[in-house]
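Please look over the sequence and the structure shown below before reading on.

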Amino acid sequence: MEIAIDDFGTGHHSVLIYLKRFNMDYLKIDRGFVNSIGQDTVSAPVLYAVISLAKKLKILTVAEGVETAVQMRFLQE
């Protein structure tokens, strides 16, 4: 069985203690953060931080609502 945190970075899901307490397999990035890709918004730095954190913890990420080639390329990089 694999475990994911849905919509990480939003609401109560952003509590970092979950990452320490539970062995997560995935962080699912909320559509709102994906929509911030390529835009100068307040959400963009949060997206970078979530991706960086997941990489450092060796947790796979899943992005919700990828609709453009720009978003896909950004997330693949």
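Is Q71 buried or exposed? In this predicted model, Q71 has a relative accessible area of 6%. Because buried means under 20% relative accessible area, Q71 counts as buried.

**Q71 and its surroundings**
- Q71 belongs to helix 4.
- Its side chain reaches the backbone nitrogen of E67 at a distance of 2.7 Å.
- When residues up to four places away in sequence are not counted, Q71 touches V34, N35, I37, G65 and V66.

**The largest nonpolar core**
- In soluble globular proteins, nonpolar side chains tend to be buried together.
- Here the largest nonpolar core has twelve residues, namely L19, M24, L27, I29, F33, V34, I37, L47, V50, I51, A54 and I59.
- Strand 2 (26-29), helix 2 (31-35) and helix 3 are the elements that give two or more residues to this core.
- Helix 3 provides the largest share, with four residues.
- I29, a member of this core, is in contact with V34, L47, V50, I51, T61, V62, A63 and E64, leaving aside neighbours within four places in sequence.

**The largest pocket**
- The volume of the largest pocket is about 170 Å³.
- Its lining consists of I29, I51, A54, K55, I59, T61, V62, A63, F74, L75, Q76 and E77.
- Two or more residues of this lining come from each of helix 3 (43-56), strand 3 (60-63) and helix 4 (69-76).
- By type, the lining residues are eight nonpolar, two polar and two charged.

Technical notes
Residues are numbered from 1 along each chain as its sequence is written. This is a predicted model: local features need pLDDT of at least 70, side-chain atom pairs count only at pLDDT 80 or more; totals for chains, interfaces and linings use all residues. Side-chain values use heavy atoms; hydrogens and water are left out. On a 1 Å grid over the protein atoms alone, a cavity is a set of points where a 1.4 Å probe fits but cannot get out, and a pocket is an open set with protein on both sides within 12 Å along at least five of seven lines; lining residues have an atom within 4 Å of a point. Grid points are joined across faces, edges and corners, and a volume is the space filled by probe spheres set on the points. Ala, Val, Leu, Ile, Met, Phe, Trp, Tyr, Cys and Pro count as nonpolar, Asp, Glu, Lys and Arg as charged, and the others, Gly among them, as polar. A nonpolar core is a set of buried Ala, Val, Leu, Ile, Met, Phe, Trp, Tyr and Cys residues joined through side-chain atoms within 4.5 Å. Buried means under 20% relative accessible area, exposed over 50%, partly exposed in between (1.4 Å probe, protein chains only). Contact means heavy atoms within 4.5 Å. A polar contact is a pair of N or O atoms within 3.5 Å; within protein, one must be able to donate a hydrogen and the other to accept it, and residues adjacent in sequence count only if both atoms are side-chain atoms.
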